[in-house]
Amino acid sequence: MESAWLIPLFPLLSFLILTIFGKKLKEASSYIAILLAFSSFIYSLLVLFDRFTAPTYKAEAAWLKIGDITITAGFEVNQLNALMLVIVSLVSFLVHTYSKGYMKGDDRFSVFYAYLGLFTFAMLGLVLSPNLLQTYMFWELVGLGSFLLIGFYFYKEEAKAAAKKAFIMTRIGDVGLLIGMILLFWQVGSFEYDEIFKAVAANVISPGMITLTALLIFVGAVGKSGQFPLHSWLPDAMEGPTPVSALIHAATMVAAGVYLVAALFPLFTASKTALLVVATIGGFTAIFAASIGIVQTDIKRVLAYSTVSQLGYMMLALGSAGYVAGVFHLTTHAFFKALLFLAAGSVIHAVHTQDINEMGGLWKKMRFTAPLFLIGTMAISGVPLFSGFFSKDEILVATWNAGHPLLFILGVVTAFMTAFYMFRLFFLVFTGKTRGQMHNVHESPSVMTMPMMVLGVLAVIAGYINTPWFGTFLGDWLVSGNQQLIEASGHGHGHEGSTWIMITATVVSLLGIYVAWLVYGKKSISRDIKMPALYGTLYNKYYIDEIYQYIIVTPMKAFSLFLQYIETFLVEGVMKAVIGITEGFARLGSKFQNGQTQVYGAVAFVGLAVLVVIYALTGGYLK
């Protein structure tokens, strides 16, 4: 753990090498990037194993001194970020490997890998940060990396617009995070997590200020993790290459918001209001995004809205004081969502379209991708014995035990929707007859299928690290040695109602799968929508982008145009008038300042004559 600071330096080195020598290395640059990403993963594993038997390690040094205040920089390895290091580095390594096949032949191949290195470095640096200031710096660097990757196909207008949208919308959330961070520093006199938690426990900060700072920090998490109402950038981010979608949507950028709330969990649990807001926003986002995913026809957008919905689940768990449940689902989701995106990329690579209505019958043509996609679909749908089954059950139990029956119902309904739209996606893509013009469809190369196989195994077994049957190993380890966290999360106080909740969630998920099979598999129920208005609303994503256009973008453009006119015609007009008058006097003066003695004499004579006339007209009284 003493050398954990090396972990983010490997991808940073990859970024620097490929930025300088990428053009010469061309496609060979992938080997350097993959090797360095693998080094980060191996070192993260060693750090995790070390953390199993050793206490939290923290190393800091003075960075800035301002009067009596010392701002430090360093790194910290605790249970949460040791787990996150492995998740981020593993998914990043698998995406690096997969990209070698997916991005083959791209003119900017080395640039793509350089951006991946920068993005991975930023996320790993964020995870290791021991204080809010350092977290904020890496937080913004993650935003920069996502901007570069989403807009990688910069020659496409859609990609450029998506990159700008992601950058601007996440900046809106970041303003809240910045203000909350400043307020905490004002109250505590430090950015350190440990100092903030001590101040909260000692009641140094007033309840109102705790609520305010927690909510402001949550605003930052809302932006990064695509929670309503700052969610609309995330589906548009699908304009980036599919490996980027897997990295952003599985374990890095969108996970950063959930990680931030989990890292500051003692602050949030000190305010019931803040927890309720987090749970409410999370629960609403979960069902809101799931309803949109039901009717989408772009394979990547269906997965994007499923990501928004699953992130809502995680926030619902954290807001219900389910610290272990939120982190557990963050872990399992990283694996099955990365698998689903990489499998979707494999499909797109084979059929050259993203429209699921033009697919079909790929089960027999893609012998590896199809079953792997099915594994990911079953995991996210909560099918028993798959990873998502265990983590989703934990979330529902936490929500029920927190006394939120309405949010619990939203969670159960969302589970039904998730199973329905994910199996709708599976049946339309892999079963039935081919509906589009697809020729020479073949399986992806092994460099793409091998990472998917690794994720497929993890999508099955990852749930067994925390189950009511075999032991809550993850939960016990996450809160071990932290009494404040144990009390805040209620870990170890039993799982009241867990059996009937598990049965309910299972029945609901299987019902969603059955209905999807009736409609899209067996086709005994017509796909024709009887409510076109509802379908149009869902297909157009509740017209959120249009609403933002009318109430925010258009008025802001009008106001900007007004200010432009003020500047052009008033401010610049006045300045131009002053300049013109000054230049006029200067030109007039230059007529007399020509060095000719006779002109100076004439001017003096005229001046004397004027004075004489004035003297005469005033009767000689001018003094």
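**View 1. Asn 203 is found in the loop between α7 (193-201) and α8.** Helices here are DSSP runs of H or I with at least four residues, strands are runs of E with at least two, and both are numbered from the N terminus. The model is predicted: local features need pLDDT of at least 70, side-chain atom pairs count only at pLDDT 80 or more, and totals for chains, interfaces and linings use all residues. Residues are numbered from 1 along each chain as its sequence is written, and side-chain values use heavy atoms, with hydrogens and water left out. Phi of Asn 203 is near 60°, a positive value in a residue other than glycine. Asn 203 is exposed, with a relative accessible area of 65%. Buried means under 20% relative accessible area, exposed means over 50%, and partly exposed is in between (1.4 Å probe, protein chains only).

**View 2. Helix α8 spans residues 207-224.** The helix has 18 residues and reaches 26 Å from its first C-alpha to its last. That is close to the 26 Å expected at 1.5 Å a residue. The expected span is 1.5 Å times one less than the number of residues. Helix α8 is mostly covered, with 13 of its 18 residues buried. Gly 226 follows α8 and has a positive phi, near 65°. Pro 229 lies in the loop between α8 and α9 (233-236). A cis peptide bond joins Phe 228 to Pro 229, with omega about 10°.

**View 3. Phe 268 and Tyr 323 touch the most other members of the largest nonpolar core.** This core holds 193 residues. A nonpolar core is a set of buried Ala, Val, Leu, Ile, Met, Phe, Trp, Tyr and Cys residues joined through side-chain atoms within 4.5 Å. Helix α15 (residues 323-351) gives the most to the core, with 19 residues. Domain 1 (1-130) and domain 2 (131-527) both contribute residues, so the core lies between them. Domain bounds come from an automatic or database domain assignment. What does Phe 268 touch, not counting residues up to four places away in sequence? Its contacts (heavy atoms within 4.5 Å) are Ala 214, Ile 217, Phe 218, Val 261, Ala 274, Leu 275 and Val 278. A second, separate core of 16 residues includes Ala 279, Leu 316, Ala 325 and Leu 396.

**View 4. Leu 362 lies in the loop between α15 and α16 (369-381).** Is Leu 362 buried or exposed? Leu 362 counts as buried, at 0% relative accessibility. Leaving out residues up to four places away in sequence, Leu 362 touches Val 347, Val 351, Ala 370, Val 429, Phe 430, Met 438 and Val 441. The C-alpha atoms of Leu 362 and Phe 10 are separated by 39 Å, and the two residues are 352 apart along the chain.

**View 5. Phe 112 and Phe 152 are one of the aromatic pairs in this structure.** A search of the whole structure finds 38 aromatic pairs. Rings of Phe, Tyr and Trp (its six-membered ring) pair if their centres lie within 6.5 Å; planes under 30 degrees apart count as stacked, over 60 as edge-to-face and the rest as tilted. The Phe 112 and Phe 152 pair is edge-to-face, at 5.4 Å centre to centre and 75° between the planes. Phe 112 is in helix α4 (residues 109-128), while Phe 152 is in the loop between α5 (132-150) and α6 (157-188). The pair links distant parts of the chain, 40 residues apart. Phe 112 is buried, with a relative accessible area of 0%. Phe 152 is buried too, at 1%. Ring pairs link Phe 109, Phe 112, Tyr 113, Tyr 115, Phe 152, Tyr 153, Phe 154 and Tyr 155 into a cluster.

**View 6. Trp 400 and Phe 408 form an edge-to-face pair.** Their ring centres are 5.1 Å apart and their planes stand at 65°. Trp 400 counts as partly exposed, at 35% relative accessibility. Phe 408 is buried, with a relative accessible area of 6%.

**View 7. Lys 541 is found in the loop between α23 (532-539) and α24 (544-592).** Lys 541 is not a glycine, yet has a positive phi of about 60°. At 22% relative accessibility, Lys 541 counts as partly exposed.
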